Amino acid sequence: MRINSNRAYKFLNLIYILCAFSIVFDFLILNIDGSWRGIYKTSPYAIAILLFLIYRGLPVFNYDSDGEVLNFTAKEPNLGIFGNLAVTHFEFPKRKLHSFRINRYPLRRVLVVKIASKSGTFKKQSMAISYLNRRELKDLKRSLNGVLARNKERAKTKDGGRK
């Protein structure tokens, strides 16, 4: 199964442009009195919007469960000039998925995946999925639950039905 959420990216282009105009406007208007002393005055609105967007997480989420590997990628294409700073990616074999959960915060959702390691411990990976709609979230849960069910069946047949 594949999930691509690109629709938020298109809307955020407009938000970034408006924030940039707001910051430039604040710089010009609030510092136009000629008393420039290296102090930048700005209204808190553009900064608050940018902090809110950072809180929500990266807007483009890609999930791919085709084959033997689970791929999770979150990115912000507008901030690609900063390199891998705006990209979160992890992948691992399906058989290593131990559990997952979705943490819900005000206006934010985070997917936490627990992965089994060779040493018998578990590693947690997390990724913001705030921009997924209800259908995409339901599909993601269904796919990950299916992988967990297959892993449990595989463990039962490997043990010969013993617990």
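The model is predicted, with local features requiring pLDDT of at least 70 and side-chain atom pairs pLDDT 80 or more, while totals for chains, interfaces and linings use all residues. Residues are numbered from 1 along each chain as its sequence is written, and side-chain values use heavy atoms, leaving out hydrogens and water.

Helices (H or I, at least four residues) and strands (E, at least two) are DSSP runs, numbered from the N terminus. Helix 3 covers residues 134-159, and its 26 residues reach 37 Å from the first C-alpha to the last, close to the expected 38 Å, a span defined as 1.5 Å times one less than the number of residues. Its buried residues (under 20% relative accessible area, with exposed over 50% and partly exposed in between, for a 1.4 Å probe and protein chains only) include Leu137, Leu140, Leu144 and Leu148. Asp139 also lies in helix 3, and because its relative accessibility is 13%, Asp139 counts as buried. Leaving out residues up to four places away in sequence, Asp139 touches Met1 and Ile3, contact meaning heavy atoms within 4.5 Å.

Three strands form an open sheet in the order 5-6-7, paired in the antiparallel sense. Strand 5 (97-105) and strand 7 (122-128) are at the edges with a single partner strand each, so one side of each has no neighbour in the sheet. From one strand to the next the twist averages 20°, with axes taken as lines fitted to C-alpha atoms, for helices over the stretch in contact, and angles running from 0 to 180 degrees between N-to-C directions. Helix 3 packs on this sheet, touching strand 5 and strand 6, and its direction makes about 155° with that of strand 5.

A second open sheet has four strands in the order 1-2-3-4, again with antiparallel pairing. Here strand 1 (2-5) and strand 4 are the edge strands, each with a single partner, so one side of each is left without a neighbour in the sheet. The twist in this sheet averages 5° from one strand to the next. Helix 3 lies across strand 1, strand 2 and strand 3, running at about 150° to strand 1.

Two strands pair if DSSP finds at least two bridges between them. Some of the pairings follow.

| Antiparallel pair | Bridges | Facing residues |
|---|---|---|
| Strand 5 and strand 6 | eight bridges | Leu97 and Ile115 |
| Strand 6 and strand 7 | seven bridges | Ala116 and Phe122 |
| Strand 2 and strand 3 | five bridges | Phe61 and Ala74 |

The hairpin of strand 6 and strand 7 has five residues between the strands, and in it Gly120 takes a positive phi near 90°.

A nonpolar core is a set of buried Ala, Val, Leu, Ile, Met, Phe, Trp, Tyr and Cys residues joined through side-chain atoms within 4.5 Å. The largest such core has 22 residues, and those with the most contacts inside it are Phe61, Phe72, Leu111, Leu140 and Leu144. At least two residues of this core come from each of strand 2, strand 3, strand 4, strand 5, strand 6 and helix 3. Helix 3 gives the most, with five residues. Apart from this core lies another, of five residues, among them Leu12, Ile15, Cys19 and Leu53. Neighbours within four places in sequence aside, the contacts of Leu111 include Phe72, Phe100, Ile102, Met127, Leu140 and Leu144.
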